[in-house]
Amino acid sequence: MNKSKIKKAQLLLFFITINLFANAQDSSFVAAMTYKRGILDTKIFHLGSIIKQKEILGFYINDNAKKSIQLYKKSKYFLPAGPPLVLGGFYLGYDAIKGTKMQTEIDGKLYTYYVRPIEQLLGGIAIFAVGVCMIEYANEFKAKSVDLYNEKLKSKAKSKELDLKLGLTPSRNFGLYANF
């Protein structure tokens, strides 16, 4: 047999062996909690059904997910402040654009004009923006708490299984290594 054919066969066998042990993604883990972001609030689901705040905190406490608890509680401070700020900023801007009706008399004629304070308009825009940011922070904190909780569950599940691999080891050698 030709040496090049033997090398090709060995190389093919090597790649087939590596592909048997290589996993692109671990699809065995199904997220325990998911979320769906809305305009004003993020809904959290457990196995497809919406769950309430007490149930969410119960799951976090049972699995000792301290960071998730902190983020979820922090979202409860930001969310109630957001919508009133948005509405207040909107009204302040509207009031500034509407202006104040004034009249003056020049050469015996009565003229009507409107005073529109730019400071009030800029303040309304700023308050509106702060309100939107508060709502988004609350939604982001809830979503991050769910992601951290799922990562914690995934790492617990991963630590319980045996990880056996054939290929390059962490010390850059070729061989078989196991993680428990």
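## Tyr60 and Tyr72

Both Tyr60 and Tyr72 are buried, a term for under 20% relative accessible area, with exposed for over 50% and partly exposed in between (1.4 Å probe, protein chains only). This is a predicted model, in which local features need pLDDT of at least 70 and side-chain atom pairs count only at pLDDT 80 or more, while totals for chains, interfaces and linings use all residues. Residues are numbered from 1 along each chain as its sequence is written, and side-chain values use heavy atoms, with hydrogens and water left out.

## Aromatic pairs

Five aromatic pairs are found in a search of the whole structure. Rings of Phe, Tyr and Trp (its six-membered ring) pair if their centres lie within 6.5 Å; planes under 30 degrees apart count as stacked, over 60 as edge-to-face and the rest as tilted.

The ring centres of Tyr60 and Tyr72 are 6.3 Å apart and the planes are at 80°, so this pair is edge-to-face. Tyr60 belongs to helix H2 (residues 53-62) and Tyr72 to helix H3 (residues 66-98), so the pair ties together parts twelve residues apart in sequence. Helices are DSSP runs (H or I, at least four residues), numbered from the N terminus. Ring pairs link Tyr60, Tyr72 and Tyr149 into a cluster.

## Phe78 and Tyr137

For Phe78 and Tyr137, the ring centres are 5.9 Å apart with planes at 45°, so the pair is tilted. Phe78 lies in helix H3 and Tyr137 in helix H4 (residues 118-159), so parts 59 residues apart in sequence are tied together. Phe78 counts as partly exposed, at 23% relative accessibility; Tyr137, at 48%, also counts as partly exposed.

How values were computed:
Helices (H or I, at least four residues) and strands (E, at least two) are DSSP runs, numbered from the N terminus.
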